[in-house]
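Colleague: I have a model open and would like to learn how to read it. Can we go through it together?

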Protein chains: 2
Amino acid sequence: MAPTKRPVFFISDGTGITAEMLGHSLLTQFDNIEFTQSVIPFIDTVDKARQCLEQLSQAHASAGVRPLVFATLVNTEIRNILHEADCLFLDFFERFLGPLEAELGARSSHTIGRSHGAVGNKGYQDRIEAVNFALAHDDGMSIRELDRADVILVGVSRSGKTPTSLYLALQFGIKAANYPLIPEDFARNELPSGLRERSAKLYGLSIAADRLSEIRNERRPGSKYADLDNCRYEVAAAEQLMRRYGVPWMNSTTRSIEEIATKILQDIKLERRGF
Amino acid sequence: MAPTKRPVFFISDGTGITAEMLGHSLLTQFDNIEFTQSVIPFIDTVDKARQCLEQLSQAHASAGVRPLVFATLVNTEIRNILHEADCLFLDFFERFLGPLEAELGARSSHTIGRSHGAVGNKGYQDRIEAVNFALAHDDGMSIRELDRADVILVGVSRSGKTPTSLYLALQFGIKAANYPLIPEDFARNELPSGLRERSAKLYGLSIAADRLSEIRNERRPGSKYADLDNCRYEVAAAEQLMRRYGVPWMNSTTRSIEEIATKILQDIKLERRGF
C-alpha cells in the first residue's frame with residue numbers, strides 16, 4: 001500500500017499567494033513527509049466558506065488523515081466556519097493580528113483582500129511601469145531613457161539577467177535594464193559605449209562556465225556559443241572587464257532569482273518599492 | 001512635532017520576501033498608523049544577528065517607540081539573539097513549526113534558506129523556462145511552439161496581458177503566451193488564424209474603456225489609439241469576438257496582476273507549479 005500523502009490546503013480571501021509562500025517554506029522543513037497541496041483562493045463569502053469546509057472533509061475522508069490548513073483570512077465569520085473542520089488550522093492573521101493590536105493600541109480594520117500592491121496604489125503603478133521598462137530595456141535593446149534605470153545588469157548571454165530584471169520589476173517595483181557583454185566587448189577590453197558613462201548604475205552577474213555551457217547547449221546544441229572552452233573564455237573576460245571598471249558583481253550559479261534580486265538591492269542599497 | 005512613525009523590520013535568514021509579504025498584509029489592516037519599513041535579508045550567522053540587534057536598538061532609540069519585527073528565522077540560536085531586542089517580535093517559523101511538528105509527529109529539519117523554488121529544483125527550472133516562453137511569445141511575436149503554452153491570453157493592446165504572462169511564469173511556472181486582438185480582427189469579426197484552432201487554450205482580458213484610454217494616453221498622448229471612442233469600440237468588439245468563440249474572459253480593470261493570474265488559474269483549472 002502506498003503511504004498516505006497528507007493533504008494540505010492554502011486558503012485565503014485573497015489570492016492565497018502569501019499563505020502558499022509561507023506554508024511552503026514551513027513544509028520544506030519536513031523532508032520526509034509527502035504532501036498533496038491545493039490552493040483555494042477568494043474565499044470571501046460564507047457560502048464559499050461552507051463549500052470549502054465540505055472540500056476539507058472530503059479530503060480528510062479520502063486520505064484517511066486530517067488535512068493541514070494554512071490560511072490568511074481577515075473575516076472572523078468566515079474563519080469561524082472553517083474552524084469547524086477537523087484539521088490543523090493555522091491562520092496567519094488570527095495568530096498575529098491580536099499581538100499587533102495590543103502593541104499598536106489600535107483595532108485592525110478587518111478588510112478583506114488588502115495585500116501586495118492593490119491596484120491604484122502608487123506602489124502598484126511603480127511595478128507595472130517597471131515591467132514595461134524592463135521589457136523595453138531587455139538585452140541591450142535600447143539605451144533610450146537608460147538614465148531612468150535604477151540598476152543596469154550586465155553579464156554574458158544567459159547569465160540570468162532577464163529573469164532577474166523582470167523579478168526586480170514585478171516584485172520590488174525596481175527599474176532594471178539589462179545589457180549583454182559580448183565577444184566584441186572582450187576583444188576591445190572595454191564596456192559598450194552606452195554603459196561606460198553610467199558605470200555607477202552597473203551591476204554584474206557572472207556564472208560558472210560549466211553551468212553556462214549547459215544552459216546554452218539547451219538553446220543551441222553543439223554550437224561554438226555553447227562550447228565549454230568558449231564559455232570559460234567569455235566568463236573570464238567578462239569578470240576581468242567588470243573588475244577593470246569597478247562594477248560590483250556576483251556569481252549567480254547557485255542562487256535563485258529571488259536571492260539574486262535581494263542581494264542586488266542589498267549590495268547597491270536600493271529600497272524595495274511596490275507596496 | 002511630526003507624529004512618530006513606528007519602525008518595522010522584516011528579518012530573515014533568506015530573502016525576506018515571505019516575511020515582507022505577510023508583514024505587509026498584516027500592517028495594511030492598520031490604516032491610521034504610519035510605519036517606516038526595512039528589510040534585513042540573509043541573517044544567517046550569529047555575527048549578522050548581533051549587528052541586526054544593534055540596528056533594532058538604534059531604531060528604537062531614534063523613533064522613541066519600540067520596533068515591530070516580522071521574522072522568518074529557522075535557526076533557534078540566531079532567533080534567540082534577536083529575542084534580546086526590546087521589540088514586538090513575531091517570528092512565523094517559531095509560531096508555526098511547533099504545532100506542525102506535533103501534528104506530523106516529526107521534527108523539522110531547521111534548514112536555513114529553503115523556500116520558493118530553490119535552484120536545481122524541477123519547480124525552479126519550470127519557472128525560468130516559463131519566463132523564456134512568455135518572452136518568446138509576448139504580444140503575438142511567434143506562433144511557433146504555441147501548443148506548448150498552458151494558456152494563451154488575448155485582449156486589446158494594453159489590457160494587461162504582458163505583466164500577467166510574466167507573473168504567471170515567475171510566480172507559478174505557468175507557460176503563458178499572449179496575443180493582441182487588433183482592429184483587423186474586429187473588421188473580419190474573426191480571431192487571428194493561429195488562434196482559432198487553439199481556442200480551448202484561450203483566456204481573454206478585458207478592461208474598462210476609460211481606463212484603457214488613460215493608459216494608452218500615457219504612451220501615445222492624443223492619438224486615435226488612445227481616443228476614448230476608439231477604446232470603447234475596441235473593447236466592445238473584442239468582447240463580442242470572445243463571446244462568439246466561447247473564450248472565457250474577465251475584466252482586469254480593478255484587479256492586480258496577482259488577482260488576475262490567480263483567477264485565470266482558478267477559471268481554467270490549472271495547478272500552480274514552481275515549487
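Modeller: Two notes before we start. This is a predicted model, so local features need pLDDT of at least 70 and side-chain atom pairs count only at pLDDT 80 or more, while totals for chains, interfaces and linings use all residues. Residues are numbered from 1 along each chain as its sequence is written, and chains are lettered from A and ligands numbered from 1 in the order in which they are written.

Colleague: What distance separates the centres of domain 1 and domain 2 of chain A?

Modeller: Chain A is divided into domain 1, residues 6-104, and domain 2, residues 122-267. Those bounds come from an automatic or database domain assignment. Taken over C-alpha atoms, the two centres are separated by 39 Å.

Colleague: Is strand S7 of chain B buried or exposed?

Modeller: A residue is buried if 20 or more other C-beta atoms lie within 10 Å of its own, exposed if 12 or fewer, and partly exposed in between, with C-beta atoms placed from the backbone. B:Leu202, B:Gly204 and B:Ser206 point one way from S7(B), and B:Tyr203 and B:Leu205 the other way. Because 5 of the 5 residues are buried, S7(B) is largely enclosed by the rest of the structure. The word is buried.

Colleague: Which residue in S8 of chain B is the bridge partner of B:Leu205?

Modeller: S7(B) has parallel links to S5(B), by 3 bridges, and to S8(B), also by 3 bridges. In S8(B), the partner of B:Leu205 is B:Met250.

Colleague: Which residues have the most contacts inside the largest nonpolar core?

Modeller: A nonpolar core is a set of buried Ala, Val, Leu, Ile, Met, Phe, Trp, Tyr and Cys residues joined through C-beta atoms within 7 Å. The largest has 82 residues. Apart from it lies another core, of 65 residues, including A:Val39 and B:Leu27. In the largest core, the names are A:Ala169 and B:Ala169.

Colleague: Which element gives the largest share of the side of chain A that touches chain B?

Modeller: Two residues are in contact if their C-beta atoms, placed from the backbone, lie within 7 Å. By that test, 60 residues of chain A are in contact with 60 residues of chain B. Several elements supply at least two residues each, among them H1 (17-27), H5 (122-136) and H11 (257-267) of chain A. The largest share, 9 residues, comes from H4(A).

Terms used:
Helix = DSSP H or I, 4+ residues; strand = E, 2+ residues; numbered from the N terminus. Pairing = 2+ DSSP bridges.
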